[in-house]
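Me: Hello! I am new to this structure and would like a friendly walk through it. Could we take it one question at a time?

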Amino acid sequence: AYVVTEGCIRCRYTDCVEVCPTDCFRAGPNFLVIDPDECIDCAVCVPECPADAIASAEDIADDQRSFVELNASLSKQWPVIMSRQAPLPDADDWKGVRDKLRHLVA
Ligand code: SF4
Ligand code: F3S
């Protein structure tokens with residue numbers, strides 16, 4: 001499955017949800033996750049993300065590996081999102097910032 005990683009936190013651009021053929025994105029307050037049971041590994045969401053936040057679980061950076069489990073668990077708690085919403089107000093300021101995991105609102 002594909003995984004939403006740290007880059008999404010406090011940005012949440014939501015361009016990704018528009019292209020997913022299986023509607024596997026789930027929305028939290030300042031982050032999105034992918035339900036690994038629904039993802040068909042098509043990869044069309046990857047280039048849509050302005051923050052480059054989506055990666056394959058098989059090919060994920062070591063420092064992002066905890067996001068595999070986070071996507072799996074949070075996707076069972078958060079509601080489906082199928083259409084684009086406005087990015088978070090200061091999304092552009094948080095784009096590319098490192099170590100955002102502590103800002104995640106779950
Ligand atoms: Fe959806 Fe395809 Fe992205 Fe998986 S890889 S989340 S199926 S768009
Ligand atoms: Fe997040 Fe990128 Fe989608 S910032 S909401 S993974 S477009």
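This is a predicted model: local features need pLDDT of at least 70, side-chain atom pairs count only at pLDDT 80 or more; totals for chains, interfaces and linings use all residues.

Me: How many aromatic pairs does a search of the whole structure find?
Reply: Residues are numbered from 1 along each chain as its sequence is written, chains are lettered from A and ligands numbered from 1 in the order in which they are written, and side-chain values use heavy atoms, leaving out hydrogens and water. Rings of Phe, Tyr and Trp (its six-membered ring) pair if their centres lie within 6.5 Å. Across the whole structure, the number of aromatic pairs is two.

Me: Why is the pair of F31 and F67 edge-to-face?
Reply: Planes under 30 degrees apart count as stacked, over 60 as edge-to-face and the rest as tilted. The ring centres of F31 and F67 are 5.9 Å apart, and the pair is edge-to-face because the planes stand at 65°.

Me: How many residues apart in sequence are the parts that this pair ties together?
Reply: F31 lies in the loop between β2 (25-27) and β3 (32-34), while F67 belongs to helix α2 (residues 66-74). Helices (H or I, at least four residues) and strands (E, at least two) are DSSP runs, numbered from the N terminus. The separation in sequence is therefore 36 residues.

Me: Is F31 buried or exposed?
Reply: Buried means under 20% relative accessible area, exposed over 50%, and partly exposed in between (1.4 Å probe, protein chains only). F31 has a relative accessible area of 0%, so F31 is buried.
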